[in-house]
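Look at the model below and follow the places where its parts meet. The text starts with one interface and then moves on to others.

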Amino acid sequence: DVKRVKDYIYWLYYQYLLITCSYVLEPWEQSMFHTITVTVFAMVVYTAYVFVPIHIRLAFEFFSQIFGGQPESTV
Amino acid sequence: QKNGVSNGTVYKKTFIEHFEQAPMYVAVLTFLGFGVGTIFGYLRDFMRAWGLEKRSVAAEREQQKDFVPLYQDFENFYTRNLYLRIRDNWNRPICSVPGPQFDLMERVTDDYNWTFRFTGRTIKNVINMGSYNYLGFAETDPNALKTVGKELQKYGTGVCSTRQEMGTLDKHVELENLVAKFLGVEDAMVFGMGFATNSMNIPALVGKGCLILSDELNHTSLVLGARLSGATIRIFKHNDMQCLEKLLRDAIIYGQPRSRRAWRKIIILVEGIYSMEGSIVRLPEIVSLKRKYKAYLYLDEAHSIGAVGPTGRGVVEYFSMSPDDVDVLMGTFTKSFGAAGGYIAGKKDLVDFLRTHSHSAVYATSMCPPVAEQIIRAMKCLMGLDGTTQGLQRVRQLGKNTRYFRRRLHEMGFIVYGNDDSPVVPLLLYMPGKIGAFARRMLDKNIGVVVVGFPATPITESRARFCVSAAHTREMLDTVLNALDELGDFLQLKYSRYSKSAHPELYEETRFEFED
């Protein structure tokens, strides 16, 4: 079963190589390309993790203020 | 998708062509792949220009660096950076007859396709899906080649002269009479080379003041002949009869560009089967257009002679038309007859004119006798004049193989272009990374295929082109189809949205028998 999972992961990696045309590059070019791709992907994930929940919460508050509009009681 | 016909009465049988478009994400990913390749191409060019990397690439000499640059255009950039990386899939030397199977010399590269070296081994019995061997006449069977051997002993190999000086042998006369009888026309003339037949005879037929209407996807030989002739060239969209009719009407209404005189001659250049698309020309509509507007028709049957039609006489017979409808019938003997050379056939006046005015007749060496004898024996076999029905059997076998192969590919879910009856089968690959992977993996499975990329096809539509042959047995085709199935799943090539069934279960009944 572990072999099947490893084969599947290798197949996914191969698809990535084919789609981005890094299959034809020489090894040092491939390493460079992988580094850049992984860096960009990591930055996208980090930005999403840091900023998206805050923006969703603010948007939710903005829209609920328009439609609800009741002031919070301070008692 | 079925194509509707504009004149419902012109076609006597259904004309089904497929040109399916891939889903949008495929086009996006193709451009992405080419973008990555281009960026790395610029990087490598930069490194080569600044001396960070020393490779033997074509470059101008030091003294010429201030001249107009020779290697800066896109084609050279593409060749240097993209074609070179997967160059090991082309120009592979073979060392046997290109029949249904052949032997390949093994080639390895140590420096990423800049140089190759032969290991000395040969890869034996690679299934041949790339040679134009439609009827299987490329064979080494001594029985079949008996007459060819005899003519070789009698005439030798060289003719050493042009047609008009001393190069017309009795073999040529015999061959020309046979070709004329085969096609059902008055007379024919044969030339030594198929490409030269087109490029040297079109300038003899048209000149300045004439109009050439040529299909978008015509072969280079037709384009070269048209350009050499000096006539005005207008292009119509591939197999698009509305576009052709509009061009004809404009030509007749407006005449020549500045003087508004009538054109001296209007000639339509089309091919029987287009070798990159696998589509068949819409001959009945073109003939009705040409009769209405009084134009001439030049039909290049390089891939279709011998390969389509109930008895192998080409597209004219495929559409059940008479050869008198086409003014100039041209074809080559390279594809279906296992020889070399070309012919032009038509009315006797036309061929007599070409005998005196063709550039090829005046300056080019004529066909050599053993090759002429090979064509004679192949044609006699096709016509049944050698006493057997082998010729007809080969044509029928080719038709069966073609239909089977195309049907299975469509069922598996690949995008395949072209008409259902054409033996040229292009399978679309689209992404540049998959071109090299596909060809290499097929060779690992002992199947030789031809993959085609940018300059010969549009940049986003790279393809693998299969040429089905009558010499392929059902087992060979099944081997190839199974390999394609496996590879299609592994490389994700099954883009079609209209496949009938993914895996047709052939043995369902016997499976249920064992379930008690």
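In this predicted model, seven residue pairs are in polar contact across the interface of chain A and chain B, with both residues of each pair at pLDDT 80 or more. On the side of chain A that touches chain B, helix H1 (2-19) and helix H2 (27-67) of chain A each supply at least two residues. That side of chain A divides into 12 nonpolar, two polar and two charged residues. Counted from both sides, 16 residues of chain A are in contact with 24 residues of chain B. The two chains bury about 1,900 Å² between them, and 70% of this area is on carbon and sulfur atoms.

Charged side chains also meet here: there are three salt bridges between chain A and chain B. One of them joins Arg85(B) to Glu29(A), with 2.8 Å from N to O.

Now turn to chain B by itself. Where they meet, 20 residues of domain 1 of chain B are in contact with 22 residues of domain 2 of chain B. Between them the two domains of chain B bury about 1,600 Å², with 61% of it on carbon and sulfur atoms.

How many salt bridges cross the interface of domain 1 and domain 2 of chain B? The rule finds one. A salt bridge links Glu277(B) with Arg463(B), whose closest N and O atoms are 3.1 Å apart. The side of domain 1 of chain B that touches domain 2 of chain B draws at least two residues from each of helix H13 (390-412), strand E11 (418-419), strand E12 (424-428) and strand E15 (463-467) of chain B. H13(B) gives the most, with four residues. This side of domain 1 of chain B divides into 11 nonpolar, four polar and five charged residues.

Three strands of chain B form an open sheet in the order E2-E3-E13, with mixed pairing. Strand E2 (101-108) and strand E13 (447-448) of chain B each have a single partner strand, so one side of each has no neighbour in the sheet. E2(B) pairs with strand E3 (residues 117-128) of chain B in the antiparallel sense, over six bridges. Arg107(B) has Phe118(B), in E3(B), as its bridge partner.

Key: Residues are numbered from 1 along each chain as its sequence is written. Chains are lettered from A and ligands numbered from 1 in the order in which they are written. Side-chain values use heavy atoms; hydrogens and water are left out. Contact means heavy atoms within 4.5 Å. Buried area is the accessible area (1.4 Å probe) that two parts lose on being put together, summed over both. A salt bridge is a side-chain nitrogen of Lys or Arg within 4 Å of a carboxyl oxygen of Asp or Glu. Ala, Val, Leu, Ile, Met, Phe, Trp, Tyr, Cys and Pro count as nonpolar, Asp, Glu, Lys and Arg as charged, and the others, Gly among them, as polar. Two strands pair if DSSP finds at least two bridges between them. A polar contact is a pair of N or O atoms within 3.5 Å; within protein, one must be able to donate a hydrogen and the other to accept it, and residues adjacent in sequence count only if both atoms are side-chain atoms.
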